[in-house]
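Hi there,

Here is the structure I promised to pass on to you. Have a look at it first, and then read my notes below.

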Amino acid sequence: MGKENDIQWHLGFCAAMELELREYADKLEFHREYPLSRKPLLIDLLVVEKTDDFEITNDIGQIFRKHNIMEYKSENDTLNEDTYFKVMAYAYLYKSSEKHIGDIDINSVTVTFVRERKPEKLLRWFSDNNYKVYEKTRGIYYVEKDGFVKTQVVVTAEVGEKEHIFLKTLKRGLKRSTVDNFLDEAFELHEPFEKYCINSLLGIMVSSNQELFDSIKNGGTGIMNEVLREFFKDEIKANEEQAMKKGIEQGIEQGIEQGIERGRIETLYNDCNMSVPDIAKKVSKSEDYVKEIIKKISAACL
């Protein structure tokens, strides 16, 4: 369990969301683990719109206003009404923080929860407590109530893979087809921040799906994509150097063995006057092999 808990799911989520919204990278600011106070109290991801003259078509970003608080829950994290109110507290603390006193309209703040599995109990709790809950698009549930910050719950197991491939990778038990789709999409991305996010996601994917990526690296399920080759370049280089060193050592060893064998045949032929058939039996080689060695020895003496 210790090793599993070391997986930095939240960092992977931040990278996935930055890739999800990469089309608007020049219009949005991304603040990872945004501090709400002088003591450690961090928002997973704060997305701030730098201008108001654009529209986000990505269905996760359609709810966005000026200030958008995002909370990611990995498969082992709890998402219930207490979590909801904790993040609501984050929203109000953010609105009233020393940095923003009087500057933020609470109606310009939104909250997004992201989780792979659907939080059935929480959604029922919302309905039982007079919140309006409806599925805006597949896997994206809007939660509304007068006087409360506009909220959505994104269920990554339900959203489309084509539309949200980066978020779909944040899980154990990935299918090879999902990895292939991710790599195809990643191959088309070239901006430095995009490559940085891709590498962050790959680190999470490899850590949480070691067996699958070992199979890919070892060629068990096809040719490795260039994105993976770049990610594993140090490991590949080390393996190639190790293989080369081993090959050289084997070559030297084989050369020494062949030299010893040749010297033995030469001694048996010249010093012991043994016949070719007898030499062949002595060194456990074919007569043709012995003849070839004797031929080379004789030629060297000319």
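Of the protein's 302 residues, 41% count as buried, meaning under 20% relative accessible area with a 1.4 Å probe, protein chains only. Please keep in mind that this is a predicted model, where local features need pLDDT of at least 70, side-chain atom pairs count only at pLDDT 80 or more, and totals for chains, interfaces and linings use all residues. Residues are numbered from 1 along each chain as its sequence is written, and side-chain values use heavy atoms, with hydrogens and water left out.

Now to the inside. The largest nonpolar core has 47 residues; such a core is a set of buried Ala, Val, Leu, Ile, Met, Phe, Trp, Tyr and Cys residues joined through side-chain atoms within 4.5 Å. F13, M70, F166, L170, F182 and I198 have the most contacts inside this core, a contact being heavy atoms within 4.5 Å. Leaving aside residues up to four places away in sequence, I198 touches L19, F166, F182, A186, L189 and V227. A second, separate core has 27 residues, among them I43, V48, V149 and V155.

What about contacts across the sequence? Among contacts in the protein with a separation of 6 or more, 58% are between residues 24 or more positions apart.

Finally, the folded elements: the protein has twelve helices and seven strands. These are DSSP runs numbered from the N terminus, with helices (H or I) of at least four residues and strands (E) of at least two.

Enjoy exploring!

Note on methods: Buried < 20%, exposed > 50% of the residue type's maximum accessible area, 1.4 Å probe, protein only.
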